[in-house]
Structure formats: C-alpha cells, structure tokens
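Colleague: I have a model open and some terms to sort out. Can we go through them one by one?

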Amino acid sequence: MTTPIRIALVGMGKIARDQHVPTIQQDPVFQLVATVSTSGGSVDDLPAFASLEALAASGVAVDAVSLCTPPQVRRAIAHSAIDQGWAVFLEKPPAATVSEAIALRDHARARGTGLFASWHSRHAPAVEPARVWLADRQVLDASIIWAEDVRQWHPGQDWIFEPGGFGVFDPAINALSIATQILPQALFVEGAAIDVPSNRGAAIAADVSLRTAAGAPVHARLDFLQRGRQRWDIAVRTNDGDLLLSDGGAALSINGDSLSVADALHGEYAGLYRRFAEIVPAREVDMDLAPLTLVADIHLVARRTEVDAFDW
Ligand code: NAP
C-alpha cells in the first residue's frame, strides 16, 4: 500500500464537518493530520492550529490542505499553502473574484503544486448521465430554478450576505457548475435582475437570462427565500425529448420517466476526493472557471433593485 496523502482541513464550519471530515476519514488514500481554525475548532485529538502559518511552523508533515472557509478569505490562505508546496483543494467558489482565482491558478502552476477548484454538484449522481444524454442532442431551451430557504440551509452565516459572499449565488453557482457541465455549448449572460436587501451586500434573489453559443435561451430563477418545497432543478427541452435534472443533480427524468434517484450530496465528496487523489501526485491544476465567470458576468450586466432588509 502506498503512503497516504497527509491532509489538513482549514475552516471547521458546516461543510468541513458534514462532508470533508467523514469523507477523508473513510478514504484510505488520505490521512487527516491537522486542522486550522480561527475559533478553536478541532477533530478528535488531532493537532489543531489557529492559522496556516502556525501549522507550517509546527513541523507536522502535510502534503495537502482543503480550504473550507468562506470565499472572501480563501485566496490569501491558498497562496500561503502553495508557497509551502502543499496541494490545495478549494471549496466552491474557488475565490471571491475571477482575478483572484486566476492568480491562484498561475501561482500553483509556477510552483508546481496541485490545485483543485472543486465543484461538488458536478459529482451528483445524475449529472454525468444527463451530460451524456444531452451531448448529441440540440438544445431548444432550458430553465433553471434554484430556490431554497437561506434560513434553513445557512442559518446565521452572515458572510454569505457580505460583499464577496455571493448571496443567493452561493447555492446558484452550483446550478451554473452543472449547466456548464451538461449543456453541449458554452453559456453567455444576456441580462439579469438582482435583488439586494437594503441592509446587506449580496443578492437574495435574481432572474438571469442566458443563451447557449448555439442560440438556445436559458432562464434562471434564483431565490433565497423559498418557502415550502425546495427546488434545485434544471429542465432542458431538446429536438429529441425533454430532460429534468432535479434535487441538485440527484435525480434525472427523461420524457417523464424517472431514471435515477439518490440522496442529495450522496457521493459528491467521495467523487471530489477521488479526483483530488489524482491531482496531488500529478501536481495538476484543475480549475474550470466557467461557473465563477458567469456569476461575475451576471453582476456586470445586472440591473440591481434594493429590497426589504433581511434578518435571520
Ligand atoms: P460556515 O459553516 O460558515 O463555515 C465556514 C468556516 O470558515 C467558519 O466556521 C470558520 O471556521 C472559517 N472562517 C474563516 N474565516 C472566516 C470568516 N471571515 N467568516 C466566517 N468564517 C470564517 O460555512 P460553510 O457552509 O461550511 O461554507 C464554507 C464554504 O463551503 C463556502 O464557500 C460554501 O459555498 C462551501 N460549501 C458549503 C456547503 C454547505 O452545504 N454548507 C456545501 C458545499 C460547499 P473556523 O472558526 O474553524 O476558522
């Protein structure tokens, strides 16, 4: 058996604890060796540090880090980790801005370290079957509905409504990561309307008009105040039938026939870490910026409306 990849987790919040810790602990390719937490978070009796610099100075042997912080602080931490020669797994979105992400990509290439801009929703079980089914069909139009209750899914996460926190685009970038994966042509933004609460710095809802390079219209309705049934759906009409990818990529139906159903987030992180296990030894840079670029483009063209203040 080869030596495991020694990995440290940075930012011990919800996604680190819900997905990264159990996935790493169940994967013999990785060994969790340390945590970095500004609030003293730790895992079992593993060495725990207050900063990446403290981890680097500690002498704990590390090959890779996974960054599970909010996007606003990610670039600086990732840059320091690359300086250490560690491979870096970036939670989505890879950075707060496109230029930050490009700088990280260039820095990793220059230093010869692995870098992975992860898009967990692309590893949802029905995404690849959807991509294959759409590959040789002509898309007529598509509709994205990403509507969830921020109070249920992100309670108290104030960073999400700060500038650089992405607001409703924090979940909606998952929809764009799937759409850019399954649609056979590139997507362009044509227009957008964005609602921003009067007391916050990021969007709470948006309507976005996009078009594929082949001319098919794609509409996206994004909502962070959804009550009742939560929706993470992408519907695509083609010249040869209709596809519905629902539950964030967990379920697929074609012409009304259900093809597969699985739990949301089921297996997504196992898939991400399988990919990271290839990236680390190969010192590869895997950074597809299409979803982040679309979010940036949406904000470039968007008409903004101030709406009611938002409080938890
Ligand atoms: P979270 O629960 O708020 O955790 C983020 C953690 O980052 C905090 O607990 C904190 O950990 C650390 N942190 C460092 N600097 C911070 C700052 N300035 N403000 C707030 N926290 C700071 O958030 P999360 O839901 O885990 O999301 C983290 C990232 O994962 C986001 O980019 C999100 O899009 C992505 N993600 C989340 C989910 C999900 O379902 N929640 C799913 C997939 C991806 P320490 O106190 O340990 O430093």
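Colleague: Which of the 22 residues around the ligand come nearest?

Modeller: Ser37, Thr38, Ser39, Arg74 and Asp170 come nearest. A residue is near a molecule if one of its heavy atoms lies within 4 Å of it. This is a predicted model, where local features need pLDDT of at least 70, side-chain atom pairs count only at pLDDT 80 or more, and totals for chains, interfaces and linings use all residues. Residues are numbered from 1 along each chain as its sequence is written, and side-chain values use heavy atoms, with hydrogens and water left out.

Colleague: Why is the ligand said to lie between domain 1 and domain 2?

Modeller: Both domain 1 (5-120 + 268-287) and domain 2 (121-262 + 296-307) give residues to the shell around the ligand, so it lies between them. The bounds come from an automatic or database domain assignment.

Colleague: How many residues of domain 1 and domain 2 are in contact?

Modeller: 14 residues of domain 1 are in contact with 18 of domain 2. Contact means heavy atoms within 4.5 Å. The domain centres, taken over C-alpha atoms, are 26 Å apart.
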